[in-house]
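Visitor: I'm new to reading protein structures, and I'd like to look closely at just one part of this one. Could you pick a strand and walk me through its surroundings?

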Amino acid sequence: MDTKPPNDMLPYRLITGKDDANFCRRISEALALGYRLYGSPSCTFNGTDVIVAQAVVWPSVVVE
């Protein structure tokens, strides 16, 4: 496993968006690259859509 994420991506990312297939695809792509989920997902309602957020970290990041 590389110590740095590919393509100059950051080691910590917070992925947000509408709770739909596109959001799930973005999370799946991050996991396929080697990121790991960090913490629980969060969600809120903006009056129209459910908005979700999920943090992901690169495995070499030390989380205390």
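Guide: Happy to! Let's begin upstream of the strands, with asparagine 7, which lies in the segment before S1. This is a predicted model, and in it asparagine 7 has a positive phi of about 55° although it is not a glycine. Aspartate 8 sits in the segment before S1 too, and its phi is also positive, near 60°, again in a residue other than glycine. Asparagine 7 counts as exposed, because its relative accessibility is 69% and the cut-off for exposed is over 50%. Aspartate 8 likewise counts as exposed, at 78% relative accessibility.

The C-alpha trace spans about 40 × 25 × 15 Å along its principal axes. Of the 64 residues in the protein, 23% are buried.

The part I'd pick for you is strand S3, which covers residues 50-57. Is S3 mostly enclosed or mostly open? Six of its eight residues are buried, so S3 is largely enclosed by the rest of the structure. To follow that step, remember that a residue is called buried when its relative accessible area is under 20%.

Who are the neighbours of S3? One is strand S1, residues 12-18, which pairs with S3 in the antiparallel sense over seven bridges. To find this pairing in the picture, look for glycine 17, which stands opposite valine 52 in S3.

The other partner to visit is strand S2, residues 36-45. S2 and S3 also run antiparallel, and seven bridges join them. You can trace this pairing at two places. Leucine 37 has valine 56 as its bridge partner in S3, while threonine 44 stands opposite isoleucine 51 in S3.

Next, follow the chain from S2 into S3. The two strands form a hairpin with four residues between them. In the turn, glycine 47 has a positive phi of about 100°. Threonine 48 is found in the loop between S2 and S3 as well. With a relative accessible area of 62%, threonine 48 is exposed, because that value is over the 50% cut-off. The C-alpha atom of threonine 48 is separated by 9.9 Å from that of lysine 18, although the two residues are 30 positions apart along the chain.

That brings us to contacts across the whole protein. Among contacts with a separation of 6 or more, 58% are between residues 24 or more positions apart.

Finally, a word on how the region is annotated. UniProt, in an unreviewed entry, places the feature "domain: DUF1737" at residues 9-57. The end C-alpha atoms of residues 9-57 lie 11 Å apart, and the span is 27% helix and 51% strand.

How values were computed
Residues are numbered from 1 along each chain as its sequence is written. This is a predicted model: local features need pLDDT of at least 70, side-chain atom pairs count only at pLDDT 80 or more; totals for chains, interfaces and linings use all residues. Side-chain values use heavy atoms; hydrogens and water are left out. Buried means under 20% relative accessible area, exposed over 50%, partly exposed in between (1.4 Å probe, protein chains only). Two strands pair if DSSP finds at least two bridges between them. UniProt positions are given in the numbering used here, feature names are shortened, and annotations may be inferred rather than shown by experiment. Contact means heavy atoms within 4.5 Å.
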